[in-house]
Amino acid sequence: MSGGRLTFPLVPRRRVIGLSFGTMRSLRRGSGTDVAGSRPYRPGDDMDSIDWAASARLSTARGADEFIVRERFAEEAPKVIIVCDRRPEMACYGPPLPWLDKPKAMRTVVDLVLASAGAAGGFVGYLDYADGEPHWRQPKGERKLIELRDERLWSTEYGGPTDWLERSIDHLSTHTRAVSPGTFVFLLSDFIPPPSYGVWLAAIEHRWDVVPIVIQDPTWEQSFPDVDGIVVPLRDPRTGRVASARLRRREVAARREENGRRTASLLETFRQLDIDPVVVTSGDRAEILSQFLVWTDLRRTRRVIGA
């Protein structure tokens, strides 16, 4: 908790040695605390950067004065990009229907990410394709994102294209300064249908820290309820038309099996690609935060094992 607001630590996927501030290691050389490597001393180098122990060993071995300089990674606050899926499918169901309110869950996730990045002194950018065009905001400090929270989080625009993820990755790849290697890229969607394997590979190739936020209804999308013999209203998310269907027991079982298989396959893809997702099945802030804390603990555990 920071300043009375619930937050979670932003732990990079491929960190082994952490920093006391921001938890993000820069890819640039600088005056941070992590050692990036060593090199021979050059005139003008800071004397404080000399590794005296290594210099003494090398001087003894060579029989002459040799000085070794430690280069360190510059300390940086974390950089975060939030990408929201705004296809009609993400807003098709909700109150008073007994489905997960995905827009509410997405707003809660974004608010938690903003608060957590702010607590770490980070910078946050935003992207969505609500109307087919990119709504892009360069990474900014938390205080400058008030307009984003008001403008985009509460927007009722959900007319995004089916290839939103491909477009988003392409768009981010053109902003190499804003979305540099190591940037957290939170992708919020139900990922139904699951994106192709190649889409994830494209994101990984940019060396971003990709974090899928899988927002799915646990009853209707990860499983399927016992509604055989009951007339169930089904809505087309693109047209808004509602049709009634009466499913047989065999059809209900088939849907339940298919939904479970689809979710398992998505998570297995992430496992194979060494991607750590966060699965959100509720709009409750405390429950969503608990999933982020599990995600944080998982990454910290892997860092300890890899140390």
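Is Arg86 buried or exposed? Select Arg86 and look: this residue is buried, with a relative accessible area of 3%. Buried means under 20% relative accessible area, exposed means over 50%, and partly exposed lies in between (1.4 Å probe, protein chains only).

Before moving on, note that this is a predicted model, where local features need pLDDT of at least 70 and side-chain atom pairs count only at pLDDT 80 or more, while totals for chains, interfaces and linings use all residues. Residues are numbered from 1 along each chain as its sequence is written, and side-chain values use heavy atoms, with hydrogens and water left out.

**Stop 1: Arg86 and Asp128.** (A salt bridge is a side-chain nitrogen of Lys or Arg within 4 Å of a carboxyl oxygen of Asp or Glu.) Arg86 sits in the loop between strand 4 (79–84) and helix 2 (102–119), and Asp128 in strand 5 (residues 123–128), so the pair ties together parts 42 residues apart in sequence. Helices (H or I, at least four residues) and strands (E, at least two) are DSSP runs, numbered from the N terminus. Asp128 is buried too, at 0% relative accessibility.

**Stop 2: Lys102 and Glu221.** Here the closest N and O atoms of a salt bridge are 2.6 Å apart. Lys102 is buried at 5%, and Glu221 is buried at 9%.

**Stop 3: Arg261 and Glu258.** Their salt bridge spans 2.7 Å, N to O. Both lie in helix 6 (residues 249–272), three residues apart, so about one helical turn separates them. Arg261 is partly exposed, at 43%. Glu258 is partly exposed, at 39%.
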